[in-house]
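Here is a short tour of one protein chain. Keep the sequence and the 3D view side by side as you read.

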Amino acid sequence: MRPVFGRALGIFCSVAIVLGGAVPAGAAESGAFGWPLRPRPTVERRFDKPERNWLPGHRGVDLAGTAGQAVLAAGDGIVVFAGEVAGKPVVSIDHPGGLRTTYEPVTAKVAVGSRVGRGTPIGSLVAGHEGCPVTACLHWGARRESGAHNRREYVDPLGLLHEVPVRLKPLEP
């Protein structure tokens with residue numbers, strides 16, 4: 001009886017994970033970084049690394065949200081910028097290892113120099129991000145300072161999330 005129950009439970013959990021996402025609702029996320037919006041947002045536009053830093057591309061991801069929604073620090077770090085860039089409100093956080101994450105359009109609730117932890121509210125999402133197919137999108141970007149010649153490298157912020165991959169197992173061994 002036990003093997004049948006265990007197998008049934010395994011199937012139920014696999015289906016729940018597939019239907020509900022890689023991390024079950026209410027489960028704590030693991031890893032140093034997490035989603036900057038809660039609940040887990042849909043990705044409206046993916047990262048498109050430019051061939052060279054000055055060429056066209058999309059240096060982050062656009063996440064669907066709602067105007068006024070709390071934006072959270074994706075990981076532990078220090079706020080290094082909270083202000084406007086080209087008329088858009090932006091917050092930037094430096095993390096250990098030469099990583100910087102940026103969040104826009106976000107009205108800051110933190111000051112430059114503030115130490116933040118993963119999940120700390122850093123501001124509120126503002127509507128009207130250009131190119132966003134929904135009312136409000138958070139543009140979440142990340143870059144690393146590479147050791148060679150102190151160059152900056154844009155990285156896909158979704159790669160910071162160490163989510164459990166879904167693996168379906170056969171019913172019979």
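Start at Pro105, which sits in the loop between β6 and β7 (106–108). Strands here are DSSP runs of E with at least two residues, helices are runs of H or I with at least four, and both are numbered from the N terminus. The peptide bond that leads from Glu104 into Pro105 is cis, with omega near -10°.

This is a predicted model, where local features need pLDDT of at least 70, side-chain atom pairs count only at pLDDT 80 or more, and totals for chains, interfaces and linings use all residues. Residues are numbered from 1 along each chain as its sequence is written, and side-chain values use heavy atoms, with hydrogens and water left out.

Another cis peptide bond links Arg38 and Pro39, with omega about -5°. Pro39 belongs to the loop between α1 (2–20) and β1 (43–45). Ala86 is not a glycine, yet its phi is positive, about 55°. Find Ala86 in the loop between β4 and β5.

**The whole chain**

The chain holds one helix and eleven strands. Of its 173 residues, 33% are buried. Buried means under 20% relative accessible area, exposed means over 50%, and partly exposed lies in between (1.4 Å probe, protein chains only). Contact means heavy atoms within 4.5 Å. Among contacts with a separation of 6 or more, 57% join residues 24 or more positions apart.

| Residue | Relative accessibility | Class |
|---|---|---|
| His95 | 5% | buried |
| Arg143 | 16% | buried |
| Ala86 | 77% | exposed |

His95 lies in strand β5 (residues 88–95). Which residues does the side chain of His95 reach by polar contacts? A polar atom of this side chain lies 2.7 Å from the backbone oxygen of Asp76. The side chains of His95 and Thr101 also make a polar contact, at 2.7 Å. (A polar contact is a pair of N or O atoms within 3.5 Å; within protein, one must be able to donate a hydrogen and the other to accept it, and residues adjacent in sequence count only if both atoms are side-chain atoms.) Beyond four places in sequence, His95 touches residues including Phe33, Gly75 and Tyr103.

Arg143 is found in strand β10 (residues 136–145). Beyond four places in sequence, its contacts include Gly98, Leu99, Glu153 and Tyr154.

**The core**

A nonpolar core is a set of buried Ala, Val, Leu, Ile, Met, Phe, Trp, Tyr and Cys residues joined through side-chain atoms within 4.5 Å. The largest one has 27 residues, and Val71, Ile93, Tyr103, Ile122, Leu138 and Trp140 have the most contacts inside it. Strand β10 gives the most to this core, four residues.

**The pocket**

The largest pocket holds about 530 Å³ of space. On a 1 Å grid over the protein atoms alone, a pocket is an open set of points where a 1.4 Å probe fits, with protein on both sides within 12 Å along at least five of seven lines; lining residues have an atom within 4 Å of a point. The volume is the space filled by probe spheres set on the points, which are joined across faces, edges and corners.

Twenty residues line this pocket, and the closest to its centre are Arg59, Lys88, Thr102, Glu104 and His139. Which strand gives the largest share of the lining? That is β10, with four residues.
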